[in-house]
Amino acid sequence: MIRIQLEPRAEPVRFMRLGAPILALVLTVIVSAPFLLALGLNPISTLRIFFIEPLSSPNGISEWLLKASPLILIALGLTVGFRASVWNIGAEGMYTIGAICAAWLALHFGSAGHVWLLPAMMLFGALGGMAWAAIPAFLKTKANTNEILVSLMLNYVAALILSYLVNGPMQDPDGQNYPQTASFDPTAMFSPLFDGMRLNGSIFITIAAVAATWLFLERSFIGYKLTVSGAAPTAAGYAGFRQSRLIWLSLMVSGASAGLAGMMEAAGPLGQLTPVISPGYGFAAIIVAFVGRLSPIGVVFGGLLLSLLYLGGEAVQMSLNVPASLARSFQGMLLFFLLAADVLILHRVRIVRR
Amino acid sequence: MAQRLELRAVTKRYPGTIANDAVSLRVAPGEIHAVLGENGAGKSTLMKIVYGALQADSGDILWHGEKLMIASPTVARRLGIGMVYQHFSLFETVSVVENIAVAIEGAFDLPALAARIAELGKRYGLPVDPYRLLHHLSVGERQRVEILRCLLQDPKLLILDEPTSVLTPQAARSLFEVLRTLAAEGCSILYISHKLDEIRELCDSATVLRAGRVVGSAIPKQVTSAELARLMVGAAPPAVHRDTCAPELEPRLEIVGLSTQSNDPRGIALQDVSLEVHGGEIVGIAGVSGNGQSELLSWLSGELTGAAARVRLGSEDVGDLRVAERRARGLAFAPEERLGRGAVPHMTLADNALLTGHGQGLVRRGLISRGKVGGFAQKIIDQFGVKCVGITAQARSLSGGNLQKFIVGREMSLSPRVLIVSQPTWGVDIAASAFLRQSLIDLSRHGAAILVISEELDELFEICDRIAVIFRGRLSEATPCAATNVEEIGLLMAGIGPAFEIAA
């Protein structure tokens with residue numbers, strides 16, 4: 001009889017820590033090959049269009065970074081919470097509310113052209129996201145509700161609020177009844193960094209956030225407390241770290257980052273609000289956080305990877321006319337294999353003959 | 001005479017260690033055979049192999065001279081092997097008879113089974129009411145249920161894993177009577193322990209394990225405890241030295257009439273508990289576990305809070321202050337659960353030093369000084385002889401004893417005014433135990449007030465100046481150790497004594 005056994009390793013292996021994401025990517029490519037063949041496509045050339053084509057022009061690079069930026073920013077905030085085992089699934093809603101708050105400011109004060117408008121919009125975006133995150137935080141600390149369910153359901157509430165606003169109070173009066181707001185004044189928007197490309201100055205916010213999150217998680221004592229409370233809540237209680245404060249902190253940080261990301265999207269490529277302002281950034285950022293192994297540096301790579309999957313998905317849709325769900329099944333497979341490959345970090349596979 | 005059980009060169013490997021290295025032993029019918037060794041010597045692994053809960057990597061098991069494989073506990077039970085684990089596997093919310101019915105094979109006939117339980121209980125002196133709900137039973141009674149469950153299957157071999165660790169001295173003696181009766185009827189007994197006196201009193205033969213290997217065997221009644229200890233440890237255990245104590249006048253830790261309600265329906269409510277601990281002395285609290293120790297500890301550490309005046313540190317009421325605020329006032333605490341409470345399993349020793357050591361100048365302006373944290377952790381490792389690869393070792397990679405040295409060492413390094421330690425040497429080897437006990441005594445003689453909660457009476461008598469007993473949430477008055485003895489404390493642990501009369 002042959003059995004395959006998983007045995008816990010004495011120490012996690014560094015090699016597998018790096019190897020697991022690569023293994024996951026390779027498996028995703030292998031498993032998707034039959035699907036591509038079934039669609040009548042050559043897997044090699046499809047994968048080339050998927051992964052290489054999008055990055056072969058300066059504009060492609062610009063789009064890549066433009067999409068990676070909000071993913072990374074949101075994932076950084078989520079990483080802080082996930083380290084503390086606060087499972088915030090509501091980044092999409094926090095992003096939406098952040099965008100709405102920033103847009104309100106832009107629409108009211110846009111014409112005045114003040115220099116403080118953009119910073120104020122950033123503040124409003126962050127505060128909007130925090131306010132939305134305060135709901136699960138309050139309910140979890142006061143009524144012991146499950147933050148996964150509450151934050152998840154609030155995503156739909158936020159989406160419906162946005163839909164109501166662009167169809168009603170915030171609708172563009174001169175917009176021929178399209179469900180959208182007026183376009184923002186240029187003073188209420190980030191200016192592009194390069195002519196003819198959409199990449200804008202908000203990328204520096206994300207870069208600063210990476211450094212700040214790294215300092216917070218790896219060097220600050222509060223970051224340490226968060227990690228302890230996630231890894232061993234009883235030990236955190238024993239050491240005197242207050243659980244409810246850490247829950248609030250986690251959700252406020254992830255709310256602020258998601259809200260800010262929403263503001264960046266509204267004041268960047270969009271320039272107005274429409275009923276749909278996110279291609280699922282808030283959900284994809286969860287994948288980014290885990291692909292990045294809950295480390296700020298890893299999140300950067302995870303964000304770049306997921307962004308490439310978005311672009312690649314669009315590229316194959318356009319040039320090969322395949323369905324949009326292809327890109328999403330790629331995302332799903334990647335997360336699936338990543339979590340599976342994770343087992344190899346802490347366990348070794350042994351084949352036992354008896 | 002054919003052996004009932006024989007092990008030949010049984011080997012079991014785990015990643016990084018060999019739990020059992022070519023272990024051989026023989027047990028005759030009616031023999032009480034001790035398996036002796038320190039924690040981590042491989043006793044439990046070996047017993048799990050015999051009981052079928054683990055499979056050996058190599059080696060043979062012979063049952064009545066016949067080579068066979070014990071693939072699972074079910075197979076073991078069919079052969080007639082029963083096991084009483086140290087931590088019971090019983091359901092709290094149902095009755096004794098139902099607990100036993102689910103565990104044994106055969107028709108589910110409760111009245112018939114209850115009658116057999118009562119009859120067996122009578123025959124072996126293990127009285128239990130079959131229809132009582134399990135959570136009403138004391139720990140000793142639960143052990144009876146476990147033993148009865150094995151006896152119902154008419155065992156040829158009974159394995160007991162540290163059975164007396166949950167018993168008062170008197171209850172342990174009556175357990176020995178039961179075991180002797182069983183042996184006289186031909187049942188073989190494998191008795192796992194590290195308590196030498198017990199083994200000398202009870203067992204016919206002993207196999208001594210050290211680091212997974214058999215290092216010797218002995219007829220326990222013919223050797224001294226010191227000789228057994230030397231076999232077990234490999235060296236003579238160091239003696240603990242205790243000066244007379246000169247306690248301060250004013251108490252540093254006071255509990256004043258603390259009564260609590262337990263949130264857990266099966267928890268213990270504390271009733272009017274009062275105690276003073278002075279600087280310069282060690283006060284011990286004895287008691288069978290589950291009598292309110294963990295509740296008392298949580299109220300002292302600040303993990304639970306209540307009325308301010310019920311707990312006092314120095315001249316200050318702190319009953320309403322949380323953990324961090326009490327720690328800031330000089331309280332340190334080493335809990336019984338090491339992994340997960342006293343230390344974060346997947347974090348390094350350096351990070352675990354920071355857990356309660358952050359007040360030692362390791363954090364500046366909110367940022368961790370890595371260098372200082374490493375220095376602090378290294379100091380603990382050096383001073384307390386923690387065996388590990390260094391400050392980057394994960395807490396979970398340490399043996400129980402070494403992790404305990406690290407945690408107690410960390411708490412002592414905080415120069416506490418008051419130190420509370422629960423089960424200081426639980427699962428710790430003899431040499432390390434002696435070292436930890438000596439460290440506690442030295443710390444108290446330098447002025448700290450120390451409260452020790454332990455199930456090991458010998459330990460308490462070795463290090464404490466005064467000793468109190470906790471029973472069903474009530475605490476007896478602390479008596480100077482010189483004015484009492486193991487017998488008296490043992491009776492109190494069973495709830496017999498003037499201190500507990502109001503409770504009864």
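How many of the 9 residues of helix 9 (residues 293-301) of chain B are buried? The legends below refer to a predicted model, in which local features need pLDDT of at least 70, side-chain atom pairs count only at pLDDT 80 or more, and totals for chains, interfaces and linings use all residues. Residues are numbered from 1 along each chain as its sequence is written, and chains are lettered from A and ligands numbered from 1 in the order in which they are written.

**View 1. Helix 9 of chain B is mostly covered.** The buried residues are B:Gln293, B:Glu295, B:Leu296, B:Leu297, B:Trp299, B:Leu300 and B:Ser301. After the helix comes B:Gly302, which has a positive phi, near 100°. Helices (H or I, at least four residues) and strands (E, at least two) are DSSP runs, numbered from the N terminus.

**View 2. Chain B as a whole contains 16 helices and 23 strands.** The C-alpha trace of chain B spans about 70 × 55 × 40 Å along its principal axes. In chain B, 47% of the 504 residues count as buried. Among contacts with a separation of 6 or more, 66% join residues 24 or more positions apart; two residues are in contact if their C-beta atoms, placed from the backbone, lie within 7 Å.

**View 3. Chain A meets chain B through 18 residues of chain A and 26 residues of chain B.** On the side of chain A that touches chain B, helix 8 (221-231) and helix 9 (233-239) of chain A each supply at least two residues. This side has 10 nonpolar, 4 polar and 4 charged residues (Ala, Val, Leu, Ile, Met, Phe, Trp, Tyr, Cys and Pro count as nonpolar, Asp, Glu, Lys and Arg as charged, and the others, Gly among them, as polar).

**View 4. Chain A is divided into domain 1 (1-41 + 322-354) and domain 2 (72-293).** The domain bounds come from an automatic or database domain assignment. The contact takes 4 residues from each of domain 1 and domain 2 of chain A. On the domain 1 side, helix 13 (residues 325-346) of chain A gives the largest share, 3 residues. The residues of that side comprise 3 nonpolar, 1 polar and no charged. The centres of the two domains, taken over C-alpha atoms, are 31 Å apart.

Key
Buried ≥ 20, exposed ≤ 12 C-beta atoms within 10 Å, placed from the backbone.
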